[in-house]
Amino acid sequence: MTIYFSENIKSLRKSRGITQESFANYLGVSFQAVSKWERNECYPDITLLPEIAEFFGVSVDELLGIDRAKKEAELTGLIYNYDNFVNDDDKKHKAILDMIEKYPNDFRVQLRYLADLMFHKNGEDFSKNLGKIQSIYDNIQNNCTIDTIRICSKRYMAAYYRTLSEYDESGITFEDAQQIIMEMPYMRDGQEFLMSYLYPHDTDKWKDYTMEAVEEEISLLCHGIAHLEGAFIDESIDITQRINALELEIKILNGFYDDGNFGRAWRNVTYAYGHLGHLYFESGNKEKALENLKMSALLAKEFDEMDRITTMHSKFFNGREFDKHTLGSTYIASTRMYELMTERYPLTDEFKETKEFKEILKILDR
């Protein structure tokens, strides 16, 4: 349990206009001792706590911040449970509504509420909550001092504005999203890169931070290749070029994750094989289409059947732990790939009726 003695005693002393010297004289200790207490370098003897509490007119529990610690422990537990709900969007929605009612001023809760307002049920009505969303976002930007929360809310807001810009009646243009994007840090200013670059190299943690930075860079590289080559969405780009982009991405991923545990890139590699499958189908190569679609299904099934926490053994990431919930606690790969293969990929009904394709769907337990 966290003890808030140092900041509480400092706040109580300053609010009453008392110097460290006069407070120390009252207790019969040195002012250096009081200074150490306030810097959280040490605690006073336990026998002094009642006397200190009496001096400030508070209880010992209040002095130590016990109530605050209990509330923090409760909230931390609620946030953990919320972040780890699996495949239950409605339950997650109710949980954040309960949290924001109980802890309306906590910025961690506000950030999650912001995301829920934007994307609950995949944003059935993206403009419905615009006013409330802008109000919460402004509050975070103007009053939150935790940069990770402020920057994350910017990322959410840029994505939200990007979606709204496609709705004529929203009054939002891409320039609104771009303005937020231009306020974001450069990649080289991100914590993953800086920790891998600056952390003392003679420590075990440096290796962990470097692995984390490499995984982040791999993810960004794969997204960059896919977007640059139009591998996923740009049908105006030559299909051969799009196939080459996906095969390059798969080659990169198999090279880094040579033990078969793709860590944070599980979604990337599963989607890459799936997209490659439908592109080969469109190009007329049904054999390669089935080969890649089957590989996508096998990877999706393998991901879903993995333990939540696994240890990686590839050359680049040996010993690194991977938590599946890093990709989102509600992410079920088999369900997603089944949806893509049956509803989203441009496959003909005739192809879907083949024995080979139906066998692929069986892999996904459908």
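Is Asp98 buried, partly exposed or exposed? Asp98 is partly exposed, with a relative accessible area of 39%. The legends below take this residue and others in turn. The model is predicted.

**View 1. A salt bridge links Lys94 and Asp98 within helix 7.** The closest N and O atoms of this pair are 3.0 Å apart. Helix 7 covers residues 89-102. The two partners are four residues apart, about one turn of the helix. Lys94 counts as exposed, at 52% relative accessibility. Asp98 is partly exposed.

**View 2. Glu41 pairs with Arg39 in a salt bridge.** Here the closest N and O atoms lie 2.8 Å apart. Glu41 is partly exposed, with a relative accessible area of 48%. Arg39 is partly exposed too, at 47%.

**View 3. Glu353 and Lys358 form a salt bridge.** Their closest N and O atoms are 3.1 Å apart. Glu353 counts as exposed, because its relative accessibility is 54% and the exposed class begins over 50%. Lys358 counts as partly exposed, at 38%.

**View 4. Salt bridges join Glu72, Asp106 and Arg108 into one network.** These three residues are linked through shared partners. Across the protein, the count comes to 21 salt bridges.

**View 5. A nonpolar patch lies on the surface.** Phe193, Leu194, Tyr197 and Leu198 make up this patch. Together they have about 410 Å² of accessible area. Leu198 is found in helix 12, which covers residues 191-198. Leu198 is exposed, with a relative accessible area of 59%.

**View 6. Asn292 is buried in helix 16.** Its relative accessibility is 5%. Asn292 counts as buried because that value falls under the 20% limit. Which residues does Asn292 touch, not counting those up to four places away in sequence? Asn292 touches Tyr273, Gly274, Leu276, Gly277 and Tyr280.

View 7. The mean pLDDT of the whole protein is 88. Of its residues, 93% reach 70 or more.

How values were computed:
Residues are numbered from 1 along each chain as its sequence is written. This is a predicted model: local features need pLDDT of at least 70, side-chain atom pairs count only at pLDDT 80 or more; totals for chains, interfaces and linings use all residues. Side-chain values use heavy atoms; hydrogens and water are left out. pLDDT is the predictor's confidence in each residue, from 0 to 100. Patches are made of residues with over 30% relative accessible area and no salt bridge: like charges are joined within 9 Å, nonpolar side chains (Val, Leu, Ile, Met, Phe, Trp, Tyr) within 5 Å. Accessible areas come from the Shrake-Rupley method with a 1.4 Å probe; for residues, only the protein chains shown count as cover. A salt bridge is a side-chain nitrogen of Lys or Arg within 4 Å of a carboxyl oxygen of Asp or Glu. Helices (H or I, at least four residues) and strands (E, at least two) are DSSP runs, numbered from the N terminus. Buried means under 20% relative accessible area, exposed over 50%, partly exposed in between (1.4 Å probe, protein chains only). Contact means heavy atoms within 4.5 Å.
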